[in-house]
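Subject: Structure handover

Hello,

Here is the structure for your files. My notes follow it.

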Amino acid sequence: MQVVVLPATGWREAWRDAARRLAGAGVPPGEVAWQTGAGLFASDPLPPAGAVTVPRAFVDLADTVLCHRDPERFALLYAVLWRLRGDRGLLENPADPLVARLNGLARAVRRDSHKMRAFVRFREVPAAVPAPLSGDGSLDCGGDAPRRRFAAWFEPDHLIVARTAPFFARRFADMDWTILTPDERADFRDGVLTQGPGAPRPDLPPDASEALWATYFTNIFNPARIKLAAMRSEMPRKYWKNLPEAREIPAMLADAERRVGVMRSAQATVAPVRAAAISERYRADMPKAPDRIDSLADACRAAAHCTRCDLHCHATQTVWGEGPADAALMIVGEQPGDHEDLSGRPFVGPAGGVLDEAMAAAGVARDRVWLTNAVKHFKFTPRGKRRLHQSPDRGEIDACRWWLDLERRFIQPRLIMALGGTAAYALTGSKTGLGRRRGTVEETAAGPVMLSWHPSYILRLPDAGAAAEARAQLTEDLAQAARLLA
Amino acid sequence: MTLSRKLAILSDAAKYDASCASSGTERRDSRKGGLGSTEGSGICHAYTPDGRCISLLKILMTNFCIFDCAYCINRVSSNVERARFTVDEVVTLTLEFYRRNYIEGLFLSSGIIRSPDVTMADMVRIARTLRVDHGFKGYIHLKTIPDASPELLDEAGLYADRLSINIELPQDASLRELAPEKRPETIRQAMGRVRLTREASRDRSHTGKRPASFAPAGQSTQMIVGADRASDTAILSTASRLYTGYGLKRVYYSAFSPIPDASAALPLVKPPLMREHRLYQADWLMRFYGFSVDEIAAAAPGGDLDLAVDPKLAWALANRADFPLDVNRAPREALLRVPGFGTKTVSRILSARRHGALRYDDLVRMGAGMKKARAFVRLPGWTPGALTDSADLRARFAPPPEQLQLI
């Protein structure tokens, strides 16, 4: 039997060194007895260091589990190390009883470390005595204002100060601080972190901020929703004695029911006199739809308040057309898509990109065209993490034709291009498929309408050849529109 | 008025905002100057007896307000005591609390004074002072005012880790009725702008330079539950549209609770805490378990979630034909639908079953909730038999009916 006695300090390193040597020498777990502190026996001499490689995951697991207080941790870790020699993937099997046990220990350590980050409470202590005279006799002022000093007393379950102190060093780099615990301590002075042995509970001076903190704690609490179990599971009682705010809890609970009763039985009060005037003034200034629509601008403002169909409840905003008010060509799509809905502008998403390319190829300048949609609100259905486009139904198209008609009336385009079936129906009243109508100009009561593919349809075509052909046709139709208007 | 009194009033006024998250932002620390750090996971520094955590100093800049939202304690027509912090007071409280490790940072909200723009500008000034003048690296959450100008929203996103805009109520009509100064369309527009600006901030320019990060912890919102008549299905549909439309990190559901000096327009009943809890569970199912609103709704007859059993169990009880599931063969998506299996359990199952067939005891050891799961899974040595289809299966999980009192 090989006896290994680990020292009271530095036992993490000592365990690693001993385990590496023993595993290298092929000493099975059953023949090793791990002890801590000055035991009855001295360590047996260890075998010479050999090369032992372990997966990265084991190094992390061992670092964590070694902080646990369970005296069996050394033997358990060595048993896993031993088995890893024949089964490199052992740690990836959470169903293995030994792995499950070590994972449990690691979880306890991580939780304790997390609670330390949460529940350490610093008190400010008087700043360090003025810097001593430095070697050459001049006063060392260090440049900036003196660093403020803070100290805390904390009682963790496990030996976690060493693994948790760097967190405080990253967070509180501009102050000096000390965290004392029964077993370990950490000191941070002038940017240097040092660790040492534990200490008894110190007598820290009172800190005025604790009263303000207690004020916050008692007032952020909602007496109408008591959930004690939730509080205790996350902030177990064992921590309360070192939390200044926990002293307030009994009184808060004792008074909660009375406070809720008072709220419930209180009669509605009379509003302050100024309230009505304030509300009236603000509401008078809120944007609202104009009473009469006499211009394109009026129509745009009115459309922002449109509730002619139910789509407005779900979409972000009305997407009105854009372009010059005297445009000769008006291009009408189906409805805004995801991007158009968010930005409030037509044809700015992927379909807009296809249209832009086709217009550029056909020599049609985007800023000379009035771009709009047959339906002004985005219709969609949520799916996974996205919003999937849904085609507007006949009722929605009919409701929205009111706005399309206003755009036509105020802009008076010489030619309208309808892209896709929805726009074709909105402008011609015919639902006949686009296949045979594309590229033609149909006369309507409100003027000539040319029909073409919608760019989204081109994007959805699975066959690359068919998509390229449709793209070319859209470009050709735009070019023809330009010729008709020339 | 003393600072302590102001703090009492302005934290009391802030407690109806449920969010206290301080997670999911970029990593920062103070080793190169300043004070504070953020490291991915948030930290809850304390818990109050209402079971809610305190992660941030959650306060209102002021509770003076020109809006008249019926559900809000700070509405203009309320007689609540009013106070207003100066910029320095908020900054000092934040830094001094932070130095003592009480908090992760600041969650600043405000009543609306003079105008949305004036209010928002003051809030942005506080965030800028913390970040620029004091080198504060901790977490900042700003509740933005939807009607404020887009430029102020853009500036807020440069200093804040998270921006939030409250949708307040699940349906436009109830918002217009209960909060006449608020407009659902401007709330959604502001959310849309935050999403687009965040996306743009993550794209490198053609020179390869990354623009300044914008609200790295994303945006969230809050909906009040129980102040209007919206059903749970309506609430979840709205949440689902918000998640997909604006890339929200979280939708918070807040059971409407009695407030001092309440408006006569609202019921002062006990806050529906169980309903709120079930909504959160359903929300998790949508975000992490692959459920759609329609699937959850199909198991919620009448439009409201079953208060007696959790929504995943309710779904499984309504879809027993899909069970029992062979744990050693089922794909991840199917395992996620087993009541009692969480996302962590499912990851462990997938990892462990590569090493050999799993048995009942293995699942217990890995932390699976077998009390619920046993009726829905099959393993070597375990079949639920008639249990899956037994008529009293729901009754085994539902809490016993409360005994009626004789008087």
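This is a predicted model: local features need pLDDT of at least 70, side-chain atom pairs count only at pLDDT 80 or more; totals for chains, interfaces and linings use all residues.

Residues are numbered from 1 along each chain as its sequence is written, chains are lettered from A and ligands numbered from 1 in the order written, and side-chain values use heavy atoms, without hydrogens and water.

Helix pair. In chain A, the axes of α2 (residues 56–65) and α4 (residues 97–119) come within 8 Å and cross at roughly 60 degrees. Helices are DSSP runs of H or I with at least four residues, and strands are runs of E with at least two. Axes are lines fitted to C-alpha atoms, for helices over the stretch in contact, with angles from 0 to 180 degrees between N-to-C directions. α2(A) and α4(A) are therefore oblique to each other (under 35 degrees is roughly parallel, over 145 roughly antiparallel, 65 to 115 roughly perpendicular, the rest oblique). From α2(A), L61(A), T64(A) and V65(A) meet residues of α4(A), including L102(A), L105(A) and R110(A); contact means heavy atoms within 4.5 Å.

Sheet. Five strands of chain A form an open sheet in the order β3-β4-β5-β6-β7, with mixed pairing; two strands pair if DSSP finds at least two bridges between them. Its edge strands are β3 (123–125) and β7 (192–197) of chain A, and the twist averages 20 degrees from one strand to the next. β6 (residues 184–189) of chain A pairs with β7(A) in the antiparallel sense over six bridges. A186(A) has Q195(A) in β7(A) as its bridge partner.

Regards
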